[in-house]
Amino acid sequence: MIVANYLTAAAVFCAGLYTVLTRRNLIKIVMGLSLMEAATYLLMVSLAYRADSTAPVLLNPPRGQSPQQLAEGNVADPVLQNFCLTAIVIGVAVTAVFLSVVVRIAQHYRTLDADQVRELRG
Amino acid sequence: MSRPEPAEEEPRRHTAAGLLLVLSFAAVLTAALVGIPREHAALPPIARYALVTSLPKWRLTEPVNEVVYGTRGFDTFGETFLLFAAVMSVIVIARHRESRHGYFGEQSAGLREQAKADPAEGATADESAARRAERAERAAAASQTPDDTPLGAPAPEQAEAMTVVVRTAVRLVAPVLAVAGCYLAAWGYSPGGGFPGGAIMVGVLLLVYAAFGRLMIARIVRPGLLETLEVAGAAVIIGTELLGLVLRGSFSANWLPLAPPQTIRSGGIIQLFSAGEFVEVGTGLAIVIFSLLTMRHDWTPDEQPQPEEYRG
């Protein structure tokens with residue numbers, strides 16, 4: 001029933017999207033973006049799952065299989081695990097840039113409310 | 001005694017429209033996710049290709065590392081420079097008005113001089129008494145290392161380090177974690193690699209910082225050192241990938257002799273790429289975290305109340 005994981009990922013993504021759309025606090029908007037990123041990690045790792053499979057590691061294969069048999073056999077998807085690894089690093093980088101911009105906005109405008117930041121000031 | 005906490009004023013906007021949009025998006029997303037392949041589907045050809053070629057072509061028993069640094073190395077290459085660009089943006093956004101040699105400390109360097117009375121002016125008896133008390137309080141906190149501070153010293157709010165319990169625990173744990181981080185990157189034929197290894201090294205740095213204060217890490221956490229290492233890691237990655245183009249005729253092709261499987265050097269350039277990534281991720285995250293921690297408000301002057309006639 002891996003579809004439950006897919007739907008949980010959709011729910012987490014929508015919670016993040018709702019946060020981004022309706023909150024005005026900039027920190028909470030960044031938190032909403034992080035939630036959306038986390039939902040994609042969950043989706044990708046769930047997509048990599050196969051029923052009764054083992055980890056895609058050819059070191060010490062289980063049940064007396066040879067590594068080559070394991071490579072042809074029932075294992076989880078290594079490409080999606082790679083995507084997840086990549087996405088985590090990009091997520092950290094994006095969050096860091098957003099947070100530093102938020103700190104500068106807070107220092108410049110003295111507020112975290114996105115609605116107060118519309119006016120142009122010198 | 002307990003007062004009810006005042007309800008927080010949480011500013012929101014367009015709640016109804018947002019809810020409508022999110023619900024319709026959720027419906028689309030659910031319809032899509034119900035239809036995609038599930039746990040009984042066959043592996044996609046690219047995944048099977050990575051699994052089958054990992055051992056013969058790269059002599060690597062870890063297909064995920066083979067995908068990250070080998071088959072889809074170009075992907076990781078682009079992602080590395082996305083991280084690099086993000087680190088540079090944070091450095092630019094978080095930079096101080098004057099150039100600094102350290103992330104910490106220079107704002108507190110002048111504090112001692114500031115705290116002294118103006119010698120020409122002299123001090124009143126009250127001032128001298130207050131300063132004596134301040135000095136006595138600071139003497140406990142300002143010793144060279146936190147371990148010189150006697151237990152139960154006054155002025156805990158000035159203490160840089162945490163308690164002896166935390167310090168001892170971090171002393172025991174930090175070397176183990178640091179070795180584990182290097183192990184993950186070095187033993188590339190088992191799960192791990194440069195990304196988690198680098199992240200663990202940043203964790204060790206933050207543990208030491210939290211437990212012992214900034215003096216303990218001040219020699220390592222300097223912009224000059226971290227930024228040089230970061231760019232050196234990026235240079236290793238570019239060189240590794242470009243040498244494939246020069247020596248083997250295709251970008252990110254393997255140009256190193258393949259060692260036997262289950263040795264540190266098995267995987268050829270994968271291990272070199274992973275090592276570069278280890279340095280790149282470790283120093284990049286450290287730069288980002290310490291830049292954010294030391295962002296100070298020295299760009300915009302405090303707002304001056306403007307005279308009435310100048311207002312627009």
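1. Ser252(B) counts as buried in this predicted model, because 25 C-beta neighbours fall inside 10 Å of this residue and the cut-off for burial is 20 or more. The residue belongs to the loop that runs between helix H11 (223-248) and H12 of chain B.

2. His14(B) is placed in the segment before helix H1 (15-35) of chain B. With 12 C-beta neighbours inside 10 Å, His14(B) counts as exposed, whereas Ser252(B), with 25 such neighbours, counts as buried.

3. On the overall make-up of chain B, the secondary structure consists of twelve helices and zero strands, which read along the sequence as α-α-α-α-α-α-α-α-α-α-α-α. Of the 312 residues in chain B, 30% count as buried. Among the contacts in chain B with a separation of 6 or more, 67% are accounted for by residues 24 or more positions apart.

4. Chain A is likewise described by helices, with four of them and zero strands, in the order α-α-α-α. The radius of gyration of chain A is 21 Å, well over the 14 Å that the globule rule gives for 122 residues, so chain A is more spread out than a compact globule. The C-alpha trace of chain A spans about 70 × 25 × 15 Å along its principal axes. Of the 122 residues in chain A, 34% count as buried, and of the contacts between residues at least 6 apart in sequence, 57% join residues at least 24 apart.

5. Within chain A, Pro61(A) sits in the loop between helix H2 (26-48) and H3, and counts as partly exposed, with 18 C-beta neighbours inside 10 Å. Once neighbours within four places in sequence are left aside, Pro61(A) is in contact with Ser66(A), Pro67(A) and Leu70(A). The C-alpha atoms of Pro61(A) and Ser46(A), which are 15 residues apart along the chain, are separated by 22 Å.

6. How many residues does each chain bring to the contact between chain A and chain B? Chain A contributes 49 residues and chain B contributes 57 residues. On the side of chain A that touches chain B, helix H1 (3-22), helix H3 (67-72) and helix H4 (78-109) of chain A each supply at least two residues, and the largest share, 20 residues, comes from H4(A). By class, this side of chain A is made up of 32 nonpolar, nine polar and eight charged residues.

7. The largest nonpolar core holds 80 residues, and those touching the most other members are Ala10(A), Phe13(A), Leu205(B), Val208(B) and Ala286(B). Helix H12 (residues 269-293) of chain B provides the largest share of this core, with 13 residues. For Ala10(A), the residues touched, not counting those up to four places away in sequence, are Ala26(B), Leu29(B), Thr30(B) and Leu33(B).

8. H12(B) also packs against helix H3 (residues 63-71) of chain B, at an angle of about 85° and with the two axes 9 Å apart.

9. Is H3(B) mostly covered or mostly open? H3(B) is mostly covered, for nine of its nine residues are buried, and these are Pro63(B), Val64(B), Asn65(B), Glu66(B), Val67(B), Val68(B), Tyr69(B), Gly70(B) and Thr71(B). The cover over these buried residues includes H4 of chain A, together with helix H2 (45-58), helix H4 (73-94) and H12 of chain B. H4(A), listed in that cover, is also the helix that gives the largest share of the side of chain A touching chain B.

Definitions and conventions: Residues numbered from 1 in each chain as written. Chains lettered and ligands numbered in written order. Predicted model: local features only at pLDDT ≥ 70, side-chain atom pairs only at ≥ 80, totals over all residues. Core = buried A, V, L, I, M, F, W, Y, C linked by C-beta atoms within 7 Å. Helix = DSSP H or I, 4+ residues; strand = E, 2+ residues; numbered from the N terminus. Contact = placed C-beta atoms within 7 Å. Nonpolar A, V, L, I, M, F, W, Y, C, P; charged D, E, K, R; others polar. Axes fitted to C-alpha atoms, helices over the stretch in contact; angles between N-to-C directions. Rg over C-alpha atoms; globule rule 2.2 N^0.38 Å.
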